[in-house]
Amino acid sequence: LSPTPAVRRILLSGLGIHFFQQASGIDAVVLYSPRVFKSAGITDDNKLLGTTCAVGVTKTLFILVATFLLDRVGRRPLLLSSVGGMIFSLVGLATGLTVIGHHPDAKIPWAIGVAIASTMAYVAFFSIGMGPITWVYSSEIFPLQVRALGCALGVATNRVTSGVVSMTFISLTNAITIGGAFFLYAGVAALAWVFFFTFLRETRGRTLEAMSKLFGA
């Protein structure tokens with residue numbers, strides 16, 4: 001309840017990375033990918049199934065790639081690169097869906113292609129950085145005496161944010177269109193990049209004893 005400045009910064013970093021992991025829209029893309037692809041103009045059931053499976057395969061493959069890069073590249077560079085790619089992917093997805101939404105009676109091949117490619121790129125960028133690093137980073141920054149509580153608060157933040165995003169996506173798309181929803185997620189991802197650049201410190205190769213000094217003790 002009254003943490004030291006170093007622990008306060010660690011707590012803010014841990015809660016922030018969990019919040020932004022979900023608030024940047026990953027569950028909206030993964031859970032509602034059939035709706036997203038339908039909005040992009042794919043109506044055939046077999047094609048919808050194929051593109052939805054491709055999202056899952058992409059997510060799995062790039063998580064495996066991340067396991068080899070975490071200790072070679074470092075947490076912070078990989079995370080910032082991942083979020084940067086997510087921002088551009090979300091803007092591309094939102095742009096493609098907005099163009100398609102303005103021409104509901106005409107198929108626009110380039111817009112459909114941009115929407116599908118941006119979805120795959122978004123999932124790939126998320127899986128290579130933001131997805132796995134959130135759990136690695138939050139598990140290694142908390143001091144031993146508050147590690148259980150800190151990790152529990154991080155997971156609670158993650159799951160609550162995930163639930164809010166999942167349950168509000170349909171209402172959000174009805175209110176500001178599906179393209180507008182992904183522009184909003186792109187804005188949240190941009191805030192995430194600024195937060196990570198400002199608050200998060202590189203933890204690769206650091207001992208547990210060095211964490212408090214790393215965060216300002």
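Threonine 177 sits in helix H7, and its phi is near 75°, a positive value in a residue other than glycine. Most residues other than glycine have a negative phi. Please keep in mind that this is a predicted model.

- Threonine 161 is another residue to look at in helix H7.
- With a relative accessibility of 9%, threonine 161 counts as buried, because the cut-off for buried is under 20%.
- Beyond its neighbours within four places in sequence, threonine 161 touches Phe19, Gln22 and Ala23.

**Helix H1**

- The 19 residues of H1 should span 27 Å at 1.5 Å a residue, and the end C-alpha atoms are 26 Å apart, so the two values agree.
- After H1 comes glycine 25, with a positive phi near 100°.

**Leucine 90 in helix H5**

- Leucine 90 belongs to helix H5, which runs over residues 75–102.
- Is leucine 90 buried or exposed? Its relative accessibility is 1%, so leucine 90 counts as buried.
- Setting aside neighbours within four places in sequence, the contacts of leucine 90 are Ser24, Tyr122, Phe182, Tyr185, Ala186 and Ala189.

- H6 contains 33 residues and reaches 47 Å from its first C-alpha to its last, close to the 48 Å expected at 1.5 Å a residue.
- Where is the kink in H6 centred? It is centred on serine 127, with an angle of about 50°.
- Threonine 119 is located in this helix, which covers residues 109–141.
- Threonine 119 counts as buried because its relative accessibility is 1%.
- Its contacts, apart from neighbours within four places in sequence, are Val29, Val36, Phe37, Val55 and Leu93.

**Threonine 43, a loop residue**

- Threonine 43 is placed in the loop between helix H3 (33–39) and helix H4 (45–73).
- At 59% relative accessibility, threonine 43 counts as exposed, because that term applies over 50%.
- Threonine 43 and valine 30 are 13 residues apart in sequence, and their C-alpha atoms are 18 Å apart in space.

**The largest pocket**

- The largest pocket holds about 210 Å³ of space.
- Its lining is made up of Leu1, Pro3, Val7, Leu11, Phe142, Val146, Leu149, Gly150 and Leu153.
- Helix H1 (5–23) and helix H7 (147–199) each supply at least two residues of this lining.
- Which helix gives the most to the lining? That is H7, with three residues.
- Sorted by class, the lining has eight nonpolar residues, one polar residue and no charged ones.

Terms used: Residues numbered from 1 in each chain as written. Predicted model: local features only at pLDDT ≥ 70, side-chain atom pairs only at ≥ 80, totals over all residues. Heavy atoms only, no water. 1 Å grid on protein atoms, 1.4 Å probe; cavity = no way out; pocket = protein on both sides within 12 Å on 5 of 7 lines; lining within 4 Å. Points joined across faces, edges and corners; volume = space filled by probe spheres on them. Helix = DSSP H or I, 4+ residues; strand = E, 2+ residues; numbered from the N terminus. Nonpolar A, V, L, I, M, F, W, Y, C, P; charged D, E, K, R; others polar. Buried < 20%, exposed > 50% of the residue type's maximum accessible area, 1.4 Å probe, protein only. Contact = heavy atoms within 4.5 Å. Expected span 1.5 Å × (residues − 1). Bend = angle between axes of the 7 residues up to and from the residue.
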